[in-house]
Number of protein chains: 4
Amino acid sequence: VISVQQVTIGGPLPVVIAGPCAVESREQVLNIAQFVKSCGAQILRGGCFKPRTSPYSFQGLGLEGLHYLHEAGKKFDLPIITEVMSPEDVDVVAEYADILQIGSRNMQNFPLLKKVGTTRRPIMLKRGFMATIDEWLSSAEYILAMGNSQVILCERGIRTFESATRNTLDISAVAVIHERSHLPIIIDPSHASGNWRYIPQLAKAAIAVGAAGIMVEVHPSPKSALSDGPQALKYPTFRTLMENIAGIPYVMH
Amino acid sequence: VISVQQVTIGGPLPVVIAGPCAVESREQVLNIAQFVKSCGAQILRGGCFKPRTSPYSFQGLGLEGLHYLHEAGKKFDLPIITEVMSPEDVDVVAEYADILQIGSRNMQNFPLLKKVGTTRRPIMLKRGFMATIDEWLSSAEYILAMGNSQVILCERGIRTFESATRNTLDISAVAVIHERSHLPIIIDPSHASGNWRYIPQLAKAAIAVGAAGIMVEVHPSPKSALSDGPQALKYPTFRTLMENIAGIPYVMH
Amino acid sequence: VISVQQVTIGGPLPVVIAGPCAVESREQVLNIAQFVKSCGAQILRGGCFKPRTSPYSFQGLGLEGLHYLHEAGKKFDLPIITEVMSPEDVDVVAEYADILQIGSRNMQNFPLLKKVGTTRRPIMLKRGFMATIDEWLSSAEYILAMGNSQVILCERGIRTFESATRNTLDISAVAVIHERSHLPIIIDPSHASGNWRYIPQLAKAAIAVGAAGIMVEVHPSPKSALSDGPQALKYPTFRTLMENIAGIPYVMH
Amino acid sequence: VISVQQVTIGGPLPVVIAGPCAVESREQVLNIAQFVKSCGAQILRGGCFKPRTSPYSFQGLGLEGLHYLHEAGKKFDLPIITEVMSPEDVDVVAEYADILQIGSRNMQNFPLLKKVGTTRRPIMLKRGFMATIDEWLSSAEYILAMGNSQVILCERGIRTFESATRNTLDISAVAVIHERSHLPIIIDPSHASGNWRYIPQLAKAAIAVGAAGIMVEVHPSPKSALSDGPQALKYPTFRTLMENIAGIPYVMH
């Protein structure tokens with residue numbers, strides 16, 4: 001069980017982490033924070049340092065974005081989570097972010113894992129989209145071995161031959177992790193599917209299977225989002241999703 | 001919506017199909033039928049013609065097994081489903097079975113698809129573990145094109161690099177099928193995971209995601225099962241599973 | 001070592017099997033047969049019964065096509081190979097074809113494997129595009145167990161996440177088969193790549209790795225081919241390929 | 001075409017890069033360097049900073065190992081290549097190594113790619129074992145965009161469902177890269193197969209398909225190797241391999 005301010009991850013209730021894929025402006029993140037808070041989300045997410053396949057894509061606002069995210073979290077009483085990509089950025093990100101995220105592409109970036117293992121912040125370790133569950137747990141071990149026991153796992157889809165979804169959500173991973181580890185596991189249906197239409201159904205499945213929570217991307221205007229628009233939920237869809245998952249019986253593992 | 005005797009597939013309530021992987025004896029199938037009926041299962045499954053990777057593995061009881069399954073279904077008022085592997089067996093299997101199953105390895109056995117398309121029985125078309133969703137729907141089209149509109153899809157896991165489970169349950173397929181087709185879709189967590197421990201959690205996820213039902217393997221003594229013992233549920237586990245899924249809010253699509 | 005008329009498969013020299021994806025007309029197959037023979041190909045291929053993903057695609061000329069293929073083989077002194085999809089077609093196909101092909105989608109069609117195991121013709125067993133090497137050898141065992149020891153394996157690419165090629169040619173399979181089996185193995189770079197541009201390079205790799213031969217699709221006018229045009233070699237490209245592979249040192253395993 | 005001292009990569013002749021998986025001692029690397037040089041290898045490889053799945057595995061000798069490798073390269077007139085894992089190590093590694101290697105797990109470690117893009121050393125960018133060819137070229141673009149045009153690609157196998165080999169060598173990638181890029185591409189059959197038995201055949205295929213060269217692991221006593229022993233070639237096998245590939249006709253692309 002991991003506690004961040006007033007929020008408990010891995011406890012008797014599932015948590016919802018929501019926010020934009022990327023922090024795009026101060027106004028954007030304040031607006032989204034207020035909205036997701038009003039719907040019952042407990043943690044605010046937002047990318048500042050963005051790992052992009054192409055060097056010519058929007059790379060995030062960096063430290064400036066982190067300040068906006070920090071401000072939004074303070075204002076609406078939401079712990080914040082953001083990704084850190086480079087060992088040299090860890091200290092500054094750990095200063096402002098309540099939870100540090102290691103992205104899928106960095107799941108086996110061992111110098112980075114060691115570095116975040118020296119901080120006192122909880123670390124959300126996303127599964128590499130090419131990583132077996134055992135490799136994922138070995139990567140968690142890098143963080144644990146440095147003395148940081150606050151590791152949260154996040155399943156976000158694996159790469160398969162199927163192309164109807166961007167990745168294939170490996171929902172069985174939740175059951176396997178419950179058997180092999182005591183770490184809490186979150187599901188990210190946004191990256192798993194890459195398509196907002198499928199997210200409400202997958203979110204319900206995530207709660208039913210016993211995940212410790214979900215992380216979803218929300219944007220007031222997905223079409224104008226600077227990254228991953230097709231997988232962002234519009235406000236009304238997110239609100240409905242929050243209502244629906246509230247009714248699903250949840251069993252803590 | 002497909003009706004088989006008193007059972008509706010694709011209606012406002014999810015259905016549960018249960019039974020042994022293989023029909024092993026008259027006593028075995030009668031015993032299992034009585035038990036799953038008492039727990040609320042609506043359809044009885046049992047393999048008679050078994051597709052086995054090796055020619056030296058148990059190949060099923062064939063027609064004899066089908067007679068036992070038929071008797072058990074009649075006795076306990078359960079429609080029965082069994083797999084048919086060869087075009088020349090279709091007529092006799094269609095005489096006794098209420099639903100004909102096309103197995104994963106035969107999803108693109110086109111002569112077989114055409115032949116079952118000429119029967120008046122509902123067909124459960126399992127997804128090939130190597131097939132995209134679009135290929136699966138094209139295979140359904142082979143049956144539909146022959147005039148049989150009663151096709152039930154069954155997601156049973158796809159092959160990926162992950163080896164913690166026998167296959168990877170592609171739960172997103174339910175959402176994709178809801179978008180692309182009007183055919184009902186069932187989830188088979190037994191073959192998807194290959195491990196009875198994971199089945200209760202996956203069954204709950206299947207109901208929450210909106211599948212039209214689940215199909216699970218049940219055996220009084222999995223260790224002595226002639227095939228797929230590791231994925232068979234013991235009686236108490238199945239009973240608990242039935243109780244748990246009853247509480248999950250279900251939305252028909 | 002398998003002998004078909006004057007051709008030896010698995011001997012000191014690699015063999016080349018060439019011809020159209022599908023037999024489209026008498027003229028077409030006679031024309032192609034003459035051309036590939038003039039370039040040094042030893043066996044003529046041509047599809048008569050075509051397994052197509054969609055029921056609305058061209059399904060082949062069937063028995064009529066087989067007669068054309070048979071005539072072309074006789075006229076140009078080339079043994080012929082064609083696919084058989086249904087147990088009930090096996091006898092008639094075995095009457096006319098020198099080698100029977102089991103296609104990728106039927107690698108685990110066990111009734112079909114058993115049936116071809118009763119013929120006296122060599123069987124080319126293509127690897128399922130999602131089958132492990134061990135499953136492939138188990139399928140070969142179905143044919144061998146029925147008394148037909150003349151099994152030729154054919155690697156034709158496996159399904160992976162990479163989409164630059166239609167499938168991923170698993171060239172290592174040749175080395176693995178050499179270690180685990182005495183059966184000869186052929187490589188089909190046409191289906192593996194799905195793109196004629198890559199075939200000449202892959203054909204050279206196939207000879208160098210020690211495959212017993214290659215099978216390639218050739219068409220005088222790929223753009224008007226009724227199936228798989230993008231992977232068919234035009235005449236000049238095939239001629240150059242035949243010249244190039246002649247210079248590669250070959251080691252029989 | 002990339003030149004490193006007297007060696008040309010991407011020229012009319014394929015190059016051979018050989019050496020131990022990990023530098024284990026001064027004596028070990030001097031011994032191996034002398035041997036591979038005597039067989040005709042042109043570049044010496046050796047891991048100093050080792051990315052290991054588990055934090056409890058041997059992590060390499062680090063800078064000490066790099067000094068040994070550097071000494072061996074100087075003594076036997078072989079340019080050296082070694083992996084760099086962390087942006088902060090790039091400067092010191094670039095001081096001693098002639099070529100910097102980005103490992104498979106770091107193919108999308110964008111801060112690292114940007115950093116090596118600022119050096120004046122050639123960079124060997126290994127393909128992520130779950131990366132598409134287009135993602136791989138996008139990662140190369142990160143290096144090129146920083147002003148370093150000396151990028152060498154290295155195909156080392158992709159992750160698939162097949163387990164007979166550690167990874168699946170995607171030999172078609174060479175043909176695809178020849179079509180889509182002007183960068184030279186090397187094949188690493190050691191990591192692709194994970195089994196020394198298959199390496200000689202795959203090395204021949206690599207030359208025949210037109211790769212700019214191969215990179216293989218060599219160890220005098222694989223059983224006592226500190227990492228990846230099962231894929232290391234013993235001295236006699238490497239010598240035979242060098243003789244065999246010399247006879248394969250090579251076409252520069």
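Predicted model: local features only at pLDDT ≥ 70, side-chain atom pairs only at ≥ 80, totals over all residues.
**The interface of chain A and chain B**

Chain A and chain B touch through 37 residues of chain A and 37 residues of chain B. Together the two chains bury about 3000 Å², and 63% of this area lies on carbon and sulfur atoms. On the side of chain A, the residues that lose the most area to chain B are A:F161, A:Y198 and A:Q201, which together account for 21% of what that side buries.

One salt bridge joins the side chains of A:R127 and B:E162, with a distance of 2.7 Å from N to O. Between chain A and chain B there are also twelve residue pairs in polar contact, counted where both residues have pLDDT 80 or more. The elements of chain A that give two or more residues to the side touching chain B are α6 (172-180) and α8 (199-209), and the largest share, seven residues, comes from α6(A). By residue class, the side of chain A that touches chain B consists of 20 nonpolar, nine polar and eight charged residues.

**The interface of chain C and chain D**

Here 37 residues from chain C meet 37 residues from chain D. The area buried between chain C and chain D is about 3000 Å², with carbon and sulfur atoms giving 65% of it.

Four salt bridges are counted between chain C and chain D, including one in which the closest N and O atoms of C:R127 and D:E162 are 2.7 Å apart. The interface of chain C and chain D also holds twelve residue pairs in polar contact, with both residues at pLDDT 80 or more. On the side of chain C that touches chain D, α6 (172-180) and α8 (199-209) of chain C are the elements that give two or more residues, and α6(C) gives the most, with seven residues. The residues on this side of chain C divide into 20 nonpolar, nine polar and eight charged.

**Aromatic pairs**

Over all chains the count comes to twelve aromatic pairs. Two of them are set out below.

| Pair | Centre to centre | Angle between planes | Arrangement |
|---|---|---|---|
| A:F35 and A:Y235 | 3.9 Å | 5° | stacked |
| B:F35 and B:Y235 | 3.9 Å | 5° | stacked |

In chain A the pair links distant parts of the chain, because A:F35 lies in helix α1 (residues 26-39) and A:Y235 in helix α9 (residues 235-246), 200 residues apart. A:F35 has a relative accessible area of 10% and is therefore buried, and A:Y235, at 17% relative accessibility, also counts as buried. Ring pairs join A:F35, A:Y235 and A:F238 into a cluster.

In chain B, B:F35 of helix α1 (residues 26-39) and B:Y235 of helix α9 (residues 235-246) are likewise 200 residues apart, and their pair links distant parts of the chain. Both B:F35 and B:Y235 are buried.

**A residue at a helix end**

A:A145 belongs to helix α5 of chain A, which covers residues 133-145. With a relative accessibility of 42%, A:A145 counts as partly exposed. The C-alpha atoms of A:A145 and A:K114 are separated by 8.2 Å, although the two residues stand 31 residues apart along the chain.

Technical notes:
Residues numbered from 1 in each chain as written. Chains lettered and ligands numbered in written order. Heavy atoms only, no water. Phe/Tyr/Trp six-rings, centres within 6.5 Å; stacked < 30°, edge-to-face > 60°. Helix = DSSP H or I, 4+ residues; strand = E, 2+ residues; numbered from the N terminus. Buried < 20%, exposed > 50% of the residue type's maximum accessible area, 1.4 Å probe, protein only. Contact = heavy atoms within 4.5 Å. Buried area = accessible area lost by both parts, 1.4 Å probe. Polar contact = N/O pair within 3.5 Å; in protein donor to acceptor, adjacent residues only side chain to side chain. Nonpolar A, V, L, I, M, F, W, Y, C, P; charged D, E, K, R; others polar.
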